[in-house]
Amino acid sequence: MKNVEKNKYLPRQKKIASAVQKYIAEILLENYLDDPIISNVSIVSTDASGGLQFVKIFYYVRGGIDLKLVDKTLAEAKDNIRYVLAQKMNQKYVPDLRFIYDDTLERAQHIESLFEKIREQ
């Protein structure tokens, strides 16, 4: 019975995560186009959890910018991003945002380079 209770929120979580991903991408494009750090951030995916209290926003950075600087800049902009998000969403509560770097592309490139080395041998 517990699994049924947990899973009844999954469609709503996915819907909210998808909406947040769309809105965050719009917000970054509309409000941070001139920011030299945030303008290089691409939203990869989102995941709503914690009873819809939190949304993890997975991002990738173009241009080889220092990740610590990106994390710091996103942390400083988070409250403003959340404020604009609240205006765009039609919900009673706006989830807390957690930005997380997604290194999937880098790992894929590393694996591909390993395969290339194997093929050369």
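Phe 99 is buried, with a relative accessible area of 17%; buried denotes under 20% relative accessible area, exposed over 50%, and partly exposed the range in between (1.4 Å probe, protein chains only). The model is a predicted one, in which local features need pLDDT of at least 70 and side-chain atom pairs count only at pLDDT 80 or more, while totals for chains, interfaces and linings use all residues. Residues are numbered from 1 along each chain as its sequence is written, and side-chain values use heavy atoms, with hydrogens and water left out.

**Aromatic pairs**

- The count of aromatic pairs comes to three, where rings of Phe, Tyr and Trp (its six-membered ring) pair if their centres lie within 6.5 Å, and planes under 30 degrees apart count as stacked, over 60 as edge-to-face and the rest as tilted.
- One of the pairs joins Tyr 59 and Phe 99 edge-to-face, at 6.5 Å centre to centre and 65° between the planes.
- Tyr 59 belongs to strand E2 (residues 54–61) and Phe 99 to strand E3 (residues 96–101), so this pair ties together parts that are 40 residues apart in sequence; strands (E, at least two residues) and helices (H or I, at least four) are DSSP runs numbered from the N terminus.
- Tyr 59 has a relative accessible area of 0% and is therefore buried.
- The ring centres of Tyr 59 and Tyr 101 are 5.7 Å apart with planes at 70°, so this pair is edge-to-face.
- Tyr 59 in strand E2 and Tyr 101 in strand E3 are 42 residues apart, and their pair links distant parts of the chain.
- Tyr 59 and Tyr 101 are both buried.
- A cluster linked by ring pairs contains Tyr 59, Tyr 60, Phe 99 and Tyr 101.

**Charge over a ring**

- Arg 98 places its charged end over the ring of Phe 54, 3.7 Å from the ring centre; the criterion is NZ of Lys or CZ of Arg within 6 Å of the ring centre and within 35 degrees of the ring normal.

- Ile 111, Phe 115 and Ile 118 make a nonpolar surface patch of about 300 Å².
- Patch residues have over 30% relative accessible area and no salt bridge, with nonpolar side chains (Val, Leu, Ile, Met, Phe, Trp, Tyr) joined within 5 Å and like charges within 9 Å; a salt bridge is a side-chain nitrogen of Lys or Arg within 4 Å of a carboxyl oxygen of Asp or Glu.
- Ile 118 is located in helix H4 (residues 104–120) and is exposed, with a relative accessible area of 55%.

**Helix H2**

- Ala 19 lies in helix H2 (residues 10–31) and is partly exposed at 23% relative accessible area.

Terms used: Areas by Shrake-Rupley, 256 points an atom, 1.4 Å probe, with all protein chains shown as cover.
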